[in-house]
Protein chains: 2
Amino acid sequence: MKIEYELLKTEKNSKARLGKIKTNYGTVLTPMFMPVGTKATVKGLSVEEVKETGAGIILANTYHLWLRPGEDLIEKAGGLHKFMNYDGPILTDSGGFQVFSLVKSKKKDITEEGVHFKSHIDGKDLFLTPEKSIQIQNKLDSDIAMSFDECPPATASYEYLKNSVERTIRWAKRGKDVHNNPNQALFGIVQGGVYPDLRRYSAEETVKLDFDGFSIGGVANDNESKEDMYKEIDYSIPYLPKDKVRYLMGVGDPIDIIEGVIRGVDIFDCVLPTRIARHGQAFTRYGKINLNNAKYKEDFTSIDNTCDCYTCKNYTKAYIRHLLNSKEMLGGRLLSIHNIRFLIRLTEELREAIKEDRILEYKEEFIKNYK
Amino acid sequence: MKIEYELLKTEKNSKARLGKIKTNYGTVLTPMFMPVGTKATVKGLSVEEVKETGAGIILANTYHLWLRPGEDLIEKAGGLHKFMNYDGPILTDSGGFQVFSLVKSKKKDITEEGVHFKSHIDGKDLFLTPEKSIQIQNKLDSDIAMSFDECPPATASYEYLKNSVERTIRWAKRGKDVHNNPNQALFGIVQGGVYPDLRRYSAEETVKLDFDGFSIGGVANDNESKEDMYKEIDYSIPYLPKDKVRYLMGVGDPIDIIEGVIRGVDIFDCVLPTRIARHGQAFTRYGKINLNNAKYKEDFTSIDNTCDCYTCKNYTKAYIRHLLNSKEMLGGRLLSIHNIRFLIRLTEELREAIKEDRILEYKEEFIKNYK
């Protein structure tokens, strides 16, 4: 089967939704944060550790896996779940974002057919099309595949974005036409930058193509302000069907997650928790802290005494600081576990707040502490 | 209490011993391999993973911990067990080996009082004495501390080694005199290079000082042949008391472990399993293999189908190769788990072979396969 989404409740004072996604690899509740396992591994963590954070769906990157080890190898392994030994649900992105961000702009050429660009690994000429992206994802055998879209900066010119949105809709249709995996859902992506009428147009046309879920793309990929970013969500959500999942791509800042949920978003993903972990940073209720800081040298308390993660239950700031200072791998790993759990726990709390119709109070309280 | 060693059995056809060491952090059986947690972490692994390999005692390095984060900080944390969250027994070395090997020879000056040298981190002038080494270890609060010895190359001149052995005995006594931790055992170290009479002299004089256990040092730290190395053990063992633990320092090659056990050694340590793991190598019954090798690209079998480690139960060679190829941390971690388990399992099998008086057959069978 493909996924089945069930809307359980809409919060009284906002658009926040409590929902449930049934997949072939278990049922998850929404709102939910998806950790990113770029190259078929959530950096530094075992799948057991990922699960212990409470994670449901994890995300893997089609672009990276296409280049290495290749979708054919993963297909031979029995699909991505078996290859990486993860028995929970997996979402794959389309590769579009990586092509448009990883690959230097001079080295890519966007045509109606697809995108010509050079591999970031060895400079080899590559060509990714909407069809190819879906075919790769079909072989990866993820639970949710994403349509191949263009990801221009949100504040690109109206003219540019209008053409881009139209092309992305044509690409979405082309991808859908070749999609051929009965156990894989396919999501459409709403683009349109900061322009309300383009967001609406993109949403309405994408919805017409009847995808299994919808994502809001092209958000927070530019220098747009937080206000603009939230508006991009507001411009898109009203035109998405209530009975389908809504996914805000690439967003993982705690406050942005809260703002997204209040605006009606169900799922999120971001490399932020693992990336900042590798630089020694940890989320706390009071904002991010940097464990490299000398003030933690003799701090024999956990990162957050209210946190229930493996790291906080077992390790002190002083020890983690020592690991970071000694360039020991375990440091980034312990912080990754904590940071992922922090975001997952945030979404758990948001679900409780939705149940109890107090999400605006929750937000106010959270923001008051989080600097 | 300090440790208590009990000799359970000596094998019929060799000097191999089955024994038991009672510590404040649990009882372990010997022969046994100790994984190395240089900087208060077995590289890349959590303490749970270390325990899951079957490890009993782990080893931490006094030199590294003295420099970073410092013994006073670890004492404030409540000792090494608490600092690193390991509730099994810990052995600390004396720092001697690191001073003599890590620190370039030009940069060190050995006097009767101790060793002047420059930190390998920042070039700072440091001075390590037998007393200082023990005082640091007292604060680290490991279960077993080692005497501070000189580690000259095994094939240094007779004259040099004779003087060195005599100094090491004087150093051992000085260290013992200041040792002041009622919960920590203290081991003496037998040196003497490849010279039988120096090994005997070193052993006899060290035994007179009445340590809680004895180690054979200065082995495999030079270009000496395997035969010479085994002789160094043979020259030392007969002069060590039967009712004390015997520890062969820095040895982790599977065949050397077997040869050591047959010669009467009880415990071993080595960075080999984790170091080769980080380079993509894995122990197998048929010798070491390198997972970077292209021939494993589509090998969807485990490293060793008879291995019971976490890695072999869950992951294929193709996936591990992908992780190594993608420079993903999980690769070295999975191989470290496998390699440590391989050596621990080897010692488990050696214990069974001792029980059944078939250790020579075991060795023959092992060597036949292991290339």
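Student: How does helix 6 of chain A pass helix 7 of chain A, in a left-handed or a right-handed crossing?

Tutor: Right-handed. A crossing gets that name if the near helix is turned clockwise from the far one by less than a right angle, and left-handed if anticlockwise. Bear in mind that this is a predicted model: local features need pLDDT of at least 70, side-chain atom pairs count only at pLDDT 80 or more, and totals for chains, interfaces and linings use all residues. Residues are numbered from 1 along each chain as its sequence is written, and chains are lettered from A and ligands numbered from 1 in the order in which they are written.

Student: At what angle do the axes of helix 6 and helix 7 of chain A cross?

Tutor: Roughly 40°, and the axes come within 8 Å. Helix 6 covers residues 130-140 and helix 7 covers 158-178. Axes are lines fitted to C-alpha atoms, for helices over the stretch in contact, with angles from 0 to 180 degrees between N-to-C directions. Helices are DSSP runs of H or I with at least four residues, strands are runs of E with at least two, and both are numbered from the N terminus.

Student: Which residues of helix 6 and helix 7 of chain A meet?

Tutor: Helix 6 brings A:Pro130, A:Glu131, A:Ser133, A:Ile134 and A:Gln135. Helix 7 answers with A:Trp171, A:Arg174, A:Gly175 and A:Val178. Contact here means C-beta atoms, placed from the backbone, within 7 Å.

Student: New topic. In what order do the three strands of the chain A sheet run?

Tutor: 1-2-3, in an open sheet with antiparallel pairing. Strands pair if DSSP finds at least two bridges between them. The edges are strand 1 (4-10) and strand 3 (26-30), each pairing on one side only.

Student: How many bridges join strand 2 to strand 3 of chain A?

Tutor: Five. Strand 2 is residues 17-23. A:Lys22 stands opposite A:Thr27 in strand 3 of chain A. Helix 14 (residues 329-355) of chain A packs on the sheet and touches strand 1, strand 2 and strand 3.

Notes:
Contact = placed C-beta atoms within 7 Å.
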